[in-house]
Every structure is written in C-alpha cells, then in structure tokens.
Amino acid sequence: MHDRRPIRAKSGTNQEGTSAHNRRVIVDALRLNGALSRADLARATRLTKQTISNIVDELERDGLVSAQGVIRRGRGQPSTPYSLVPEGAFAIGLQIDRHVTRALAVDLLGTILTRAEAPLPANGPQGGVKVILDLIETVRRDLRLLVRDSERRLVGLGAAMPGPFGLEIAVDDPWMMSAWQSFPLLEMLAAGTGLEVGLQNDAAACAQAERMVGAAHGLDHAVCLYLGYGIGAGLILGGELYSGANGNAGEIGMALLSPGGRASPLEHRASLAALYQHLEIDPADPGVYAAVNELAATDDRRIQFWLEEAVTDLRWSIHLIETIFDPQTVILCGGTPEVLARRLMEAMEPLIPSLSQRSERRVPRFQLGITDPWAVALGAAAEPISRAFDPRFSAILK
C-alpha cells in the first residue's frame, strides 16, 4: 500500500488533552497521502496504535473516514486502509470582485459540487450585499438537492476579495475596493447566512486552492504568484498559509518599480487590468475571459506588447520572491486566461538567476497552476475546510 514510499504527515502528540490536534493530524495525513492503514498512520504520526485506533473509530462514527477493502500482502497480517469521505464535510466559497461575485460549494476533498455567479451593481456594498446573499442561498439550495444532510455538515463560509485590507483611503480606489472594505461585510455575511465567516485576499485564496487540489498540494514552502485584475502573492510557509499581521502579506503588486525613472506599482503595468487597457476591453464584460483567450491564441500586437512589458516586471518579482522566501516553487495562478498564461510562462524563460537554482530540484522553480475564473472562489471555500481540519498549534490548546 504505502509501505515502500515515505508518508507525508505531521507528528501527533501522546500527551493528554490533545485529541483535537491528533484528529487534525490524521485527517491531514489522509488528505496528503490517500488511503492509509492504522499501522501506516501510527508510523507516520508517531502516535500510539491505541490512540490511532480510538481516533480512527471516532472519525468513522462521525462520517469523516471509511474503511476500504482488506489488503493481503505476502505472509504478513492483512491491513485495512482508511480514506476520507468526500461527503464528510462541505464548505461555501465566495469571491467578491470589482464587477462580479462568484459562489460555489465544495466537499471535504475540494471537489466543486455546484456554483453560480452574478454581476455586482455599481453602487457597491449597498446593493451588492443582497446580490451576494441571494447567490449564497442559491448555492446552498443546490447543494441540499445534491446531498440531503449537507447543512448539518457545512463547516463555514470563506470569502475572498482584493486587498490590501485596513488602509485609510479617502476615495474609493478601484484597485483596492475600499468602499467594500470599510463596510461591515463579515458581520452582514454571518448574520445573513448563519455561518462562521472568514476573509482573505484573492492571492491567499488562490494559494489555498493550489494547496488543496493544485500544484502546491503536499508542498511545505510555495509562493503562488496571483495574476488577475491586480497582482499578489499567496504565501505557503512551513505547510501553512501566512497572512501577515493585517492580512496583507504578499501584496507584491503594490511594490514600486521605476521604469524610466518614474515609480509606479507593479500591478499598474503587469496585471490584467493593464492588458484590458491595451485591448480597450471592458473588464465588466462577462465574456472578457474568452475574448482575451481568443486574442492570445493569435499574433495580436497588443497582446505581444503587454507580454514584453509584463515579463520584465514578473521576472523581477519571481527573483524577489525566491530571494526572500526560498520556496520549493513559485506557481503562476489566478483568473488569467489559460492560453495567455501559457504564453506568459514561455516568455518568462530564462528566469533571472537566483538562489533557487539547484541541480537537485524535484519541482520546477516556476510552474503553471490553476488558471480559472473560479480559482479564487475555490480557494475561499478551502479556507473553512482548512480551519476545521488542518493541524494547528491552537488545536492543542483547546
């Protein structure tokens, strides 16, 4: 089964009063490795066989794990592998963007079960909150039709929107959605849905998606370079998402560069917003993703002009990320149309030499991740799953 390859798992603790942490450790090990026997789990987590048996039995009663078929190998004792039950838990993910809102529901493994989107009105949160609450209710209703007891297993609502958060801005800056940020959004969402709500920026949400079902799955140190209307970086450090003191870690799009001696933020030139300006495309157009994809498949000179300018800045960004964080890999992700993302990946080579150039590398320095308009909502949904089931020091204190 897993006897011949290393099993990725965090260590549990056999001290008293730590069952919550140990439950999370076991769920995490099954998520990372797939089906494992009790003996596999004991070896990987350093928990006693009795502790493993007690927790596996408890998780099985709770509908979070299930036994698979017995495996017989040679003359040894037969073993029973256990795996996570996808229907053991559900979460809702919400993306609030400048012109559109998206919501979806996922199961414990991060599989999208239902999704819906709606345009946001121009008057900001005053009219937008009702649209969002109606959208969430639509997704919850569809989920109930798919899984009868889904409400009982719904662990929360994750929301994501552009950052940075908490800045004192006098005007409604279109880059930062400051009108939404000064609005009591979390309180309204919690009151309107009855769910526990968490908020993160869109780059962090994409990192959550990559960590759950994408290129960062199983990695302890990865940086997700988010390319959307703006630019950001989602930081996975030590196997956990790092958000910073105010939720603004990774706001690399605000870094000032000085082309031609005039300082301007990185995202004002290398983002999709800059591309939309070159193409004279309305970013609120529902068909913008398909339109850019189609143009990127041609030799459109405006696409080429943006690529040449963006590549220079993004190469510098990757070099800076590698120098500061020393990740196993940097992952390009976000709502970038796939054809454009692949052209950008090709144009990025060669990367600027950095300390990440190592002959023994097992994963590439720079790779393509999830490029999909739903990536942010997917990552937002991964946050409540992570909050409920990932091993964290805080769980030991409960």
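# Working around helix α12

The buried residues of α12 are covered by elements including β8, α9, α10, α11, β13 and β14 (366-371). The model is a predicted one, where local features need pLDDT of at least 70, side-chain atom pairs count only at pLDDT 80 or more, and totals for chains, interfaces and linings use all residues. Residues are numbered from 1 along each chain as its sequence is written, and side-chain values use heavy atoms, with hydrogens and water left out.

**Exercise 1. Find which residues of α12 are buried.**

Step 1: Go along α12, and you'll pick out Leu340, Ala341, Arg343, Leu344, Met345 and Met348.

**Exercise 2. Work out how α10 and α12 are oriented to each other.**

Step 1: Two packed helices are described by the angle between their axes and the distance between the axes.

Step 2: Take α10 (residues 288-296) and α12 (residues 338-348): their axes come within 7 Å and cross at roughly 45 degrees. Axes here are lines fitted to C-alpha atoms, for helices over the stretch in contact, and angles run from 0 to 180 degrees between N-to-C directions.

Step 3: Angles under 35 degrees count as roughly parallel, over 145 as roughly antiparallel, 65 to 115 as roughly perpendicular and the rest as oblique. So α10 and α12 are oblique to each other.

Step 4: Now look at who touches whom, with contact meaning heavy atoms within 4.5 Å. From α10, Tyr289, Val292, Asn293 and Ala296 meet Glu338, Val339, Leu340 and Arg343 of α12.

**Exercise 3. Name the residues that touch the most other members of the largest nonpolar core.**

Step 1: A nonpolar core is a set of buried Ala, Val, Leu, Ile, Met, Phe, Trp, Tyr and Cys residues joined through side-chain atoms within 4.5 Å.

Step 2: This core has 37 residues, and Trp306, Leu340 and Leu344 are the ones you want. Its largest share, eight residues, comes from α11.

Step 3: Zoom in on leucine 344. Leaving aside neighbours within four places in sequence, leucine 344 is in contact with Leu227, Trp306, Leu307, Val311, Leu314 and Leu332.

**Exercise 4. Decide whether aspartate 390 is buried or exposed.**

Step 1: Find aspartate 390 in the loop between α13 (375-389) and α14 (393-396).

Step 2: Its relative accessibility is 6%, so aspartate 390 counts as buried.

How values were computed: Helices (H or I, at least four residues) and strands (E, at least two) are DSSP runs, numbered from the N terminus. Buried means under 20% relative accessible area, exposed over 50%, partly exposed in between (1.4 Å probe, protein chains only).
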